[in-house]
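Please read them alongside the sequence and the structure.

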Amino acid sequence: MAKANPVDEFAQRLSSSLQDGTFVRVVFSRPVAADGAPEKVLGRLVTLKAGPHLSLTHRHATHDVTKNLPVSEVASWAKEHVGVHFRSALLSTTKRDWQFFAPESGDARLTTHKPTSTAVPSRTHDQPRQTILDDSARDWLEGLGVVNDRGQVRPAMADKYAQINHYLDIFTHLAKDCGWTEGRNDGLTIADMGCGKGYLTFGLWHLFARFWKLPVRVLGVEVRPELVNSTNGLARRIRAEGLEFMAGTIESAALPKIDALIALHACDTATDDAIRRGIELGAKLIIVAPCCHKEVRPQLGRPTPLAPVLEHGLMAERMAEWSTDGLRALFLEWAGYQTKMIEFVSTEHTPKNLMIAAVRHAEPFSSKAARDQIDQFKGFFGIKHHSLDSLLTHGLGES
Ligand SMILES: C[S@@+](CC[C@H](N)C(=O)[O-])C[C@H]1O[C@@H](n2cnc3c(N)ncnc32)[C@H](O)[C@@H]1O
């Protein structure tokens with residue numbers, strides 16, 4: 001008798017376990033492609049209005065994306081992905097576990113083991129993990145007008161609510177990169193520059209103080225005193241220990257040494273001021289989500305072979321944004337940070353959706369290669385001046 005193909009057999013066992021009620025979980029891991037692919041995909045059976053679905057959580061380094069697949073489509077999805085996009089797949093059922101593995105060279109194989117779990121997990125859709133904005137967030141969400149007095153999200157604030165959630169998700173991943181989520185109890189200091197009404201400042205404080213129950217000092221800096229009065233008033237009313245707002249500017253507010261600096265949607269070169277201050281104040285983590293970009297646009301040259309394309313104003317505009325943010329990442333690398341570019345909010349809501357996250361990992365201003373990259377980049381685009389140029393006088397720049 002011909003031996004079953006391990007991919008087909010895995011797909012068939014997955015599909016039947018979903019139908020006969022023995023399915024526990026499935027995990028696809030060891031992605032074949034490094035770029036853009038999720039690190040893992042975790043599958044659980046959920047009962048939706050439209051019937052049973054396999055809920056697939058695509059776990060990326062900085063965020064999760066969930067897609068629900070009707071059970072009838074699972075076998076063909078598995079055949080397209082197992083061994084093609086993922087080298088490893090583990091199916092747990094109440095009867096047996098099935099492990100698929102495709103080595104880089106040699107034949108793929110399917111092995112079976114005793115079940116790791118004989119209990120069927122809950123099939124309810126909304127239980128995958130504890131939500132950060134739990135009931136203990138209600139007081140400040142209500143105070144900021146995001147939810148009503150029954151704790152329901154106001155329709156007009158649904159995007160803002162989604163943005164806070166997404167931001168806290170991203171921050172959670174970055175905090176893990178910095179080793180801050182477990183066991184650290186000596187207290188972090190975080191500055192949120194240009195914090196406005198404080199949605200994300202309260203969110204960050206909530207994440208540490210109420211959700212993780214870790215000591216934290218969160219300082220919101222805002223140039224408009226009326227906003228500072230109102231956010232400080234709310235912080236006092238809800239007894240938010242460790243959360244303070246101060247009137248001041250990103251460029252010059254008096255701040256202590258900090259562990260993290262955040263500046264979301266700070267206009268034009270205020271983002272650069274925030275980056276510079278984060279570096280000077282010793283922040284291990286710097287997160288900026290730039291807003292408008294004005295400085296580079298008038299300086300942008302027309303290098304070959306981009307010149308004819310850059311004749312189009314819109315393309316030149318986008319290239320100016322692209323190069324401004326690209327340079328910011330290069331300056332951060334020069335200052336000893338490892339940077340990531342993350343899509344912050346969906347492009348449906350705003351085209352200004354880039355977030356630059358930087359974690360310090362090396363001696364600042366010590367890599368000649370990082371320094372040279374800045375000069376080459378500026379030279380290529382004919383950029384004479386960038387707000388972060390003052391950083392070039394550090395380290396190797398002095399010689
Ligand atoms: C677009 S809002 C963003 C608010 C908040 N960071 C967010 O993303 O929800 C920008 C805020 O930064 C403040 N701001 C602008 N320039 C500033 C500066 N140089 N120093 C401090 N605050 C500034 C503005 O008053 C405004 O409240």
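**Notes on packing and burial**

1. Val7, Asp8, Ala11, Leu14, Ser15 and Leu18 of helix 1 are in contact with Val74, Ala75, Ala78 and Lys79 of helix 2. By class, the residues of this contact of helix 1 with helix 2 are seven nonpolar, one polar and two charged. The coordinates behind this and every later point are those of a predicted model.

2. The geometry of the pair is as follows. Helix 1 covers residues 6-20 and helix 2 covers residues 74-81; their axes lie 8 Å apart, and the packing angle is about 150°. Angles over 145 degrees count as roughly antiparallel, and helix 1 and helix 2 are therefore roughly antiparallel to each other. Their crossing is right-handed.

3. Some totals for the chain give context. There are ten helices and 14 strands. The C-alpha trace spans about 75 × 60 × 40 Å along its principal axes. Of the 399 residues, 49% are buried. Taking contacts between residues at least 6 apart in sequence, 64% join residues at least 24 apart.

4. The crossing of helix 4 and helix 5 is right-handed.

5. Which residues make the contact between helix 4 and helix 5? From helix 4 they are Lys160, Gln163, Ile164, Tyr167, Leu168, Phe171 and Thr172, and from helix 5 they are Tyr199, Leu200, Gly203, Leu204, Leu207 and Phe208. Sorted by class, the contact of helix 4 with helix 5 has nine nonpolar, three polar and one charged residues.

6. The largest nonpolar core has 51 residues, and the members that touch the most others in it are Tyr167 and Phe171. Helix 5, residues 199-211, gives the most to this core, namely eight residues. Another core lies apart from it, with 43 residues that include Ala270, Ile279, Leu332 and Trp334.

7. Phe171 deserves a separate entry. Its contacts, leaving aside neighbours within four places in sequence, are Trp180, Ile190, Leu204, Leu207, Phe208, Ile262, Leu285 and Ile287.

8. Is His386 buried or exposed? His386 counts as buried because its relative accessibility is 0%, and the cut-off for burial is under 20%. His386 is placed in the segment after helix 10 (368-381). Not counting residues up to four places away in sequence, His386 touches Asp272, Glu295, Val296, Thr324, Leu327, Arg328, Phe331 and Lys378.

9. Met315 belongs to helix 9, which runs over residues 313-334. With a relative accessible area of 38%, Met315 is partly exposed. Apart from neighbours within four places in sequence, Met315 is in contact with Val309 and Leu310. Between Met315 and Ala89 the C-alpha to C-alpha distance is 43 Å, and the two are 226 residues apart in sequence.

Terms used. Residues numbered from 1 in each chain as written. Predicted model: local features only at pLDDT ≥ 70, side-chain atom pairs only at ≥ 80, totals over all residues. Heavy atoms only, no water. Core = buried A, V, L, I, M, F, W, Y, C linked by side-chain atoms within 4.5 Å. Buried < 20%, exposed > 50% of the residue type's maximum accessible area, 1.4 Å probe, protein only. Helix = DSSP H or I, 4+ residues; strand = E, 2+ residues; numbered from the N terminus. Contact = heavy atoms within 4.5 Å. Axes fitted to C-alpha atoms, helices over the stretch in contact; angles between N-to-C directions. Parallel < 35°, antiparallel > 145°, perpendicular 65-115°, else oblique. Left-handed = near helix turned anticlockwise from the far one by under 90°. Nonpolar A, V, L, I, M, F, W, Y, C, P; charged D, E, K, R; others polar.
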